[in-house]
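The entries follow in the order of the work.

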Amino acid sequence: MKKLGKKLTVTLAAIGMSSTAIISAGLATPGMGLESYKFINSVKKQIDTNFAKGKFVIDGSSMVYEMIVNSAIKSSYKADALSSTNWYSQKEASPERIAEYNKFIDEWFDARWGQAIKNREDIDLNDVSMDLIKFDKAFATEFHSYGYVHPGISWIFKEGVAKDMLSFNLKNTEMYQEALEKQTTIDQDKYDAYVKHTGPGLNGINVTSSLGSYIVNNKVWFINIQRANVEYALNDPIASTAGVFKDKTLTTADLPDLITADDLYQPNFTAGIIVTAIGTWMLLVITPIVLIGGTAVIVTVVIRSKKDGQ
């Protein structure tokens with residue numbers, strides 16, 4: 001019985017150690033990244049509805065092809081980045097930072113579409129829209145927060161994140177307040193009114209000011225303004241004569257309805273932060289204590305067993 005009791009003690013200690021580590025990692029893993037994943041999937045669904053694959057295809061033989069792709073299509077990337085910028089933030093909207101944004105956009109666009117444009121290949125707006133999602137992720141990683149587009153388990157090891165996660169004033173941290181703002185959805189008309197831009201037109205959209213952060217409102221505005229750009233191309237006499245799209249039978253009747261905030265997933269970043277914070281506490285504080293304590297118990301039992309000749 002004594003030998004059985006020792007084995008049971010070792011087994012329970014091992015189970016406690018492994019369970020704590022697994023639960024800690026499990027809680028820390030999703031983070032804000034899981035909420036972003038759900039949001040992105042809802043955006044993809046709207047893209048496939050608004051810009052169905054093979055429907056709105058820029059004709060490589062069109063007389064205005066280069067103007068459309070180098071101006072209107074490229075401006076989509078700039079509008080995407082600059083409309084999500086908090087123009088009231090000195091840090092985000094400084095001339096130096098805007099220059100960095102434009103450099104990043106130019107390099108991304110050239111890497112993705114440069115050769116296709118050179119070869120005058122047809123360009124499907126569905127492909128452009130899907131690439132914009134990849135661009136969003138890369139842009140957020142570069143200029144915003146790694147945590148919005150990556151698992152919490154990797155995010156917490158970025159500089160300063162663990163400190164915030166372990167803070168008793170977590171809800172007052174800049175990280176939490178920023179996430180709270182991003183997940184908030186305001187009246188769409190109000191948001192749209194604060195996005196200052198030129199276009200739509202053959203030169204696309206040029207954003208000069210925006211409320212930025214409200215992620216759902218921003219994406220609703222962006223998808224709807226892209227629809228407006230397509231509508232312009234279908235109605236403009238020059239564009240119509242030049243035949244922008246591969247399908248020459250397209251009319252405004254083929255355009256989908258405008259989307260609303262209800263059409264997209266409403267991310268709860270702060271809930272993701274709180275769960276990650278609990279996981280961080282367990283992973284960085286509780287788990288080491290349990291591991292040390294469990295190891296001590298196992299070592300003690302083994303030593304006593306050897307002394308007792310068991």
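**Salt bridges and cores**

I began with one glutamate: E100 has 40% relative accessibility and counts as partly exposed. I note that the model is predicted.

I then looked for the partner of E100. R97 forms a salt bridge with E100, with the closest N and O atoms 3.3 Å apart. I placed both residues in helix α4 (residues 95-118), three residues apart, about one turn of the helix.

How many salt bridges does a search of the whole structure find? I got 13.

Next I took up a second pair. The side chains of D136 and K219 meet in a salt bridge, at 2.8 Å from N to O. D136 sits in helix α5 (residues 125-143) and K219 in helix α10 (residues 215-235), so I recorded a link between distant parts of the chain, 83 residues apart. Is K219 buried or exposed? I found K219 buried, at 9% relative accessibility. D136 is partly exposed, with a relative accessible area of 25%.

R227 forms a salt bridge with E231, and the closest N and O atoms are 3.6 Å apart. Both residues lie in helix α10, four residues apart, about one turn of the helix. I listed R227 as buried, with a relative accessible area of 15%. I listed E231 as partly exposed, with a relative accessible area of 28%.

Which residues have the most contacts inside the largest nonpolar core? I noted I58 and F245, in a core of 47 residues. I traced the helices behind this core: α3 (65-83), α4, α5, α10 and α11 (237-242) each supply at least two of its residues. The largest share, nine residues, comes from α3.

I listed the contacts of F245, leaving out residues up to four places away in sequence. F245 touches F56, V57, I58 and D59, and also L125, V230, A233, L234 and L250.

My last entry is another core, apart from the largest one. I counted 16 residues in this core, among them V149, W155, M175 and A179.

Definitions and conventions. Residues numbered from 1 in each chain as written. Predicted model: local features only at pLDDT ≥ 70, side-chain atom pairs only at ≥ 80, totals over all residues. Heavy atoms only, no water. Salt bridge = Lys/Arg side-chain N within 4 Å of Asp/Glu carboxyl O. Buried < 20%, exposed > 50% of the residue type's maximum accessible area, 1.4 Å probe, protein only. Core = buried A, V, L, I, M, F, W, Y, C linked by side-chain atoms within 4.5 Å. Contact = heavy atoms within 4.5 Å.
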